[in-house]
Amino acid sequence: EFQLSLLSQPAYGLSLGVIFIGNLPYAFTEQELKDLFSPFGEAQSVQLVRDRISGRSRGFGFVGLSDSQQEIAAIEALQGLELEGRTIRISKRHHE
């Protein structure tokens, strides 16, 4: 089942298979982030990080895909994509 959540701090304790997306447009929504990754597989989770005081997006988030091949394809295809004048940065989130 798809999970949508807003965080005021980095997403800790997420399942393996999480992709970090940085330099997102501040007006970008969770649904737009989910839609961006939909060609590569169904997002298991989408989290857009927001400032806890203002509620404004901090310009980064996390997407969880269920398959490592989907993750690789998404990272390769979307790395450096320009969205609303901002070049996004994508990387696999490694757990410690």
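A polar contact, as I use the term here, is a pair of N or O atoms within 3.5 Å; within protein, one must be able to donate a hydrogen and the other to accept it, and residues adjacent in sequence count only if both atoms are side-chain atoms.

**Entry 1: ground rules**

I am working on a predicted model, where local features need pLDDT of at least 70 and side-chain atom pairs count only at pLDDT 80 or more, while totals for chains, interfaces and linings use all residues. Residues are numbered from 1 along each chain as its sequence is written, and side-chain values use heavy atoms, with hydrogens and water left out.

**Entry 2: Q79 and its polar contact**

I started with Q79, in the loop between α2 and β5 (82-83). Helices (H or I, at least four residues) and strands (E, at least two) are DSSP runs, numbered from the N terminus. Which backbone oxygen lies 2.5 Å from a polar atom of the side chain of Q79? I found that it belongs to I90.

Next I listed the contacts of Q79 (contact means heavy atoms within 4.5 Å). Leaving aside neighbours within four places in sequence, Q79 touches A74, I88, R89 and I90.

My cut-offs are under 20% relative accessible area for buried and over 50% for exposed, with partly exposed in between (1.4 Å probe, protein chains only).

**Entry 3: the whole chain**

Stepping back, I counted 2 helices and 7 strands. From the N terminus on, they run β-β-α-β-β-α-β-β-β. Of the 96 residues, 41% are buried. I took contacts between residues at least 6 apart in sequence, and 68% of these join residues at least 24 apart.

The accessible surface comes to about 5,600 Å², and carbon and sulfur atoms hold 49% of it. These areas come from the Shrake-Rupley method with a 1.4 Å probe; for residues, only the protein chains shown count as cover.

What does L33 touch, not counting residues up to four places away in sequence? My list reads I21, L24, F28, V46, Q47, F62 and V63.

**Entry 4: helix α2**

The buried residues of α2 are E71, A74, I75 and L78. They sit on the same side of α2, because they cover an arc of only 95° around the axis. The arc is that of the directions from the helix axis to the C-beta atoms. Their cover includes β2, α1, β4 and β7 (89-92). On the face turned away from the buried side I found the exposed residues Q69 and E76.

Then I checked the ends. At the start of α2, a side-chain oxygen of D67 comes to within 2.7 Å of the backbone nitrogen of Q69. Just after α2, G80 has a positive phi of about 85°.

**Entry 5: salt bridges**

How many salt bridges are there in the whole structure? My search gave 2, where a salt bridge is a side-chain nitrogen of Lys or Arg within 4 Å of a carboxyl oxygen of Asp or Glu.

One joins the side chains of E30 and R50 at 3.6 Å, N to O. This pair links distant parts of the chain, with E30 in helix α1 and R50 in strand β3, 20 residues apart. E30 counts as buried because its relative accessibility is 9%.

E71 forms a salt bridge with K92, with the closest N and O atoms 2.9 Å apart. Again distant parts of the chain are linked: E71 is in helix α2 and K92 in strand β7, 21 residues apart. E71 is buried, at a relative accessible area of 6%, whereas K92 counts as partly exposed at 30% relative accessibility.

N23 is not a glycine, yet its phi is positive, about 65°. I placed N23 in the loop between β2 and α1, and its relative accessible area of 22% makes it partly exposed.

E84, also a residue other than glycine, has a positive phi near 50°. E84 lies in the loop between β5 and β6 (86-87) and is exposed, with a relative accessible area of 58%.
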